[in-house]
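Me: Hi! Could you walk me through this one? I'd like to start with the ligand and then look at the rest.

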Amino acid sequence: MQTTATRVAAVTVTLRGVDRTFGAADGAHHVLRGIDLDVDAGEVVALLGASGCGKSTLLRLVAGLDRPSAGQVMIDGARVDGIEARAAVVFQEPRLLPWRTLAENVAFGLPDGSPRGSRHSEVTHALDTVGLGSFAGYRPRAVSGGMAQRTALARALVRRPGVLLLDEPFAALDALTRLRMQDLVDDLQRTTGATVLLVTHDVDEALQLADRVVVLAPGADRAAGSGIAHLLDVPGARPRDRADPVLAALRVELLDRLGVPRQRPLPA
Ligand SMILES: Nc1ncnc2c1ncn2[C@@H]1O[C@H](COP(=O)(O)OP(=O)(O)OP(=O)(O)O)[C@@H](O)[C@H]1O
Ligand SMILES: [Mg+2]
């Protein structure tokens, strides 16, 4: 698909000594500990890690939906303090209002106070960029899961975010739709130039889309929370060849780091 998305002012994302601890009945629950990360403007960083290791928590901190217990989260060098206007989030489920049309749902992404006259054209443009221009008047139940998720992407893009925060955005889609969505996000990122933080469980997806892969994992003392266990620069310009043998080798390495060996030994 040829995307017509417009360029945005990409931002840097910086985490310095970030901890996130939740209070629990049996004491403090440390989720993230000592996270230091620098994401360049326009860079795509994938976050991998076992379920429950704190990936969504990290994304919520960057979006300003949550605050760190210690340390700092900064966007373009300014501390994130409350919901961050330069960020937009796409979740695993599209979270659309079923009684609203796709266009009305996308309009919810527009910042408060955006000029009335331009709202319609902004929404139309955002739907066009995800290939849904002719479905503006449809309601969510009348479109496929992939189209609903593209609508959620349009609702994020209409804000022209400097950083797009994607929390397993393709996880609920069938395998083929998922690959098409990956290509769409890849195209959109290259056209808009936005910074992207992508949480995924899919090692192939991370290698296909990211400039850098961050593996989050608990240290020896699991109760202390997760830190950055590994950073990997993904070689080669995007769009990438899904059959690239270099990526296949990195896939094995990343799976190994995630505790999935290349081959299981035969049972004795
Ligand atoms: N608001 C909260 N209050 C208490 N605990 C929380 C809260 N938010 C997250 N947690 C805990 O933090 C831990 C990490 O959660 P998080 O959702 O960030 O994991 P994740 O890596 O995104 O997992 P998944 O891959 O399953 O989505 C979990 O143990 C979770 O219960
Ligand atoms: Mg999560």
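This is a predicted model: local features need pLDDT of at least 70, side-chain atom pairs count only at pLDDT 80 or more; totals for chains, interfaces and linings use all residues.

Me: Got it. Which elements supply at least two residues of the shell around ligand 1?

Reply: Strand S2 (27–39) and helix H1 (55–63) each do. H1 gives the most, with three residues.

Me: And which residues are around ligand 1?

Reply: Phe22, His29, Val31, Gly49, Ser51, Gly52, Cys53, Gly54, Lys55, Ser56 and Thr57. By class, the shell has seven polar residues, three nonpolar and one charged.

Me: Switching topic: what does the domain assignment give?

Reply: Domain 1 (13–86 + 163–257) and domain 2 (100–160). Their C-alpha centres lie 25 Å apart.

Me: How many residues of each are in contact?

Reply: Nine from domain 1 and eight from domain 2. On the domain 1 side, helix H5 (residues 175–192) contributes the largest share, four residues. That side has eight nonpolar residues, one polar and no charged ones.

Me: Nice. How many residues does the largest nonpolar core have?

Reply: It has 68, and Ala46, Leu47, Val62, Leu165, Leu197 and Leu198 have the most contacts inside it. Helix H4 (residues 145–157) provides the largest share, six residues. Domain 1 and domain 2 each put in at least three residues.

Me: What does Leu165 touch, leaving out residues up to four places away in sequence?

Reply: Leu59, Val62, Ala63, Ala87, Ala88, Val89 and Leu197.

Methods. Residues are numbered from 1 along each chain as its sequence is written. Chains are lettered from A and ligands numbered from 1 in the order in which they are written. A nonpolar core is a set of buried Ala, Val, Leu, Ile, Met, Phe, Trp, Tyr and Cys residues joined through C-beta atoms within 7 Å. A residue is buried if 20 or more other C-beta atoms lie within 10 Å of its own, exposed if 12 or fewer, and partly exposed in between; C-beta atoms are placed from the backbone. Domain bounds come from an automatic or database domain assignment. Two residues are in contact if their C-beta atoms, placed from the backbone, lie within 7 Å. Ala, Val, Leu, Ile, Met, Phe, Trp, Tyr, Cys and Pro count as nonpolar, Asp, Glu, Lys and Arg as charged, and the others, Gly among them, as polar. A residue is near a molecule or strand if its C-beta atom, placed from the backbone, lies within 6 Å of it.
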